[in-house]
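Student: I have a new model open and would like to learn how to read it. Could you walk me through it, one feature at a time?

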Amino acid sequence: MQDKIYKINSITLDEKNQEFCLSHDHGLKTYDIGEFKEKETSDNLDFKLGSISLAHYFPDIENLIAFTGSIKNTDFPPEMIVFFDIEKKIVVFKKNLEREITNFKIVSNYILIAFGKSLTIFYYDKNKNDIELKQEHKIDEKSLFECWIEQMTNHLYLVFPFQKEIKMQQYATDEWAFIKKLDIASPVNVIQNIFYVKGLNQIFISDETAKYIYGFDADTGKKLLCLYRGMKSGYITSVALLNNGKFLAVNNVDRTIHIFDLDINNNDFSFSNLLNAVFSDIKEIYPKLRIRYQNILQNEEGSYYKSDFSEKGSMLYSDNNDELNVISYNGFAFKIKINFSNFEYKVMSKVEYIEKTMPKISLYNSGYEK
């Protein structure tokens, strides 16, 4: 019987954006994005992972998920990277790296792991079932970084903030080799968060209070966009491209989803942009639509995981059309249809994807009934 979930530690999407993985205080769960229905769980009657802080799918290996545990987990501590087959419920590989893992991501067979102020690139050799060190970098203490593989060239791209610069590195993966680097002067004193949007080939960063969100060309480093979210302090947790790359959805923690028209010619008039035309190389873009969580949640919905929601907000995903998927840390997920003609929205579905009651025991299947 699976233990009741009290804390949601992380939500991550698979590379194909067909399902998401939930890391919680008793293990892992996976869900499909279509209906937000549970697919697999890490636990059964004989096996429990314990508290998992962060997990990511392996892109090319079905059912394989990499994770690191929390400080409460004696079997899988935060110094250990673990590869887990969630269907067979077996550990495929594990390695103690002797330092606390503060962030990690996976692209192709490369595992990029942050240990506080250092970032290490490992390669997973499936034949040897081991990881090999490829590169090390110094990064900022927040362990922020983004990475992706360019399929046409098989080049690995790595972007991270360090000492008021945005560092961009490129590596050949067929035969591991450094290709080039690019250092960009950051327009903000402190980078709050960083995202790569493949459909635009742009890197987005938010400043310390999320007043501004800047977009940079991922190849040249040129600053292309400046999105103005608002004066009130916020925290950007996720972004998603909409309507054939014309709009960007930006999630501000547990309060608002902002929808930006990326065409500056469709931007509303402002005196600020009159000044920007004289003193700056780029104009500000203002939101066309705001979707407020207080309007899509009713009564006490989401209060059970209120602290997780207020800290981590939601993950956004779209097929780059008019439907926005919102997977929230309050245990709810939404499909929201956006009308880009009159900038209105409609919640098409709202699903409480985590059961808050203990599942029933079935003697027939020696497990639990979904």
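Tutor: Gladly! Keep in mind that this is a predicted model. Let's begin with a question for you: does Lys105 count as buried or exposed?

Student: I would look at its relative accessibility, but how do I read the number?

Tutor: The cut-off for buried is under 20% relative accessible area. Lys105 has 19% relative accessibility, so the residue counts as buried.

Student: With which residue does Lys105 form a salt bridge?

Tutor: With Glu146; their closest N and O atoms are 3.4 Å apart. Glu146 is buried as well, with a relative accessible area of 13%.

Student: How many salt bridges does a search of the whole structure find?

Tutor: The search finds 14. One of them joins Lys37 and Glu35, with 3.5 Å between the closest N and O atoms. Here Lys37 is partly exposed at a relative accessible area of 46%, while Glu35 is exposed at 51%.

Student: And which partner does Lys350 have?

Tutor: Lys350 forms a salt bridge with Glu301, and the closest N and O atoms are 2.8 Å apart. This pair links distant parts of the chain, 49 residues apart: Lys350 is in strand S29 (residues 344-352), and Glu301 is in the loop between helix H2 (293-296) and helix H3 (306-312). Lys350 counts as partly exposed, at 32% relative accessibility, and Glu301 is partly exposed too, with a relative accessible area of 26%.

Student: Which residues do salt bridges with shared partners join into one network?

Tutor: Lys128, Glu132 and Lys134 are joined in that way.

Student: Now for a charged residue without a bridge. How far is Glu284 from the nearest side chain of opposite charge?

Tutor: That side chain is Lys211, 6.7 Å away. A salt bridge needs the nitrogen within 4 Å of the carboxyl oxygen. Glu284 is buried and has no salt bridge. The residue belongs to strand S24 (residues 284-285), and its side chain makes a polar contact of 2.9 Å with that of Tyr286.

Student: How many bridges pair S26 with S27?

Tutor: Four, in the antiparallel sense, with strand S27 covering residues 323-328. As an example, Met315 has Ile327 in S27 as its bridge partner.

Student: Finally, how should I think about a nonpolar core?

Tutor: In soluble globular proteins, nonpolar side chains tend to be buried together. In this model, the largest nonpolar core has 21 residues, and those touching the most other members are Trp148, Val159, Ile166, Ile203, Ile205 and Tyr214. Elements giving two or more residues to this core include strand S14 (155-162), strand S15 (165-172) and strand S19 (212-217). S19 gives the most, with three residues.

Key. Residues numbered from 1 in each chain as written. Predicted model: local features only at pLDDT ≥ 70, side-chain atom pairs only at ≥ 80, totals over all residues. Heavy atoms only, no water. Buried < 20%, exposed > 50% of the residue type's maximum accessible area, 1.4 Å probe, protein only. Pairing = 2+ DSSP bridges. Lys, Arg positive; Asp, Glu negative; His and termini not counted. Polar contact = N/O pair within 3.5 Å; in protein donor to acceptor, adjacent residues only side chain to side chain. Core = buried A, V, L, I, M, F, W, Y, C linked by side-chain atoms within 4.5 Å.
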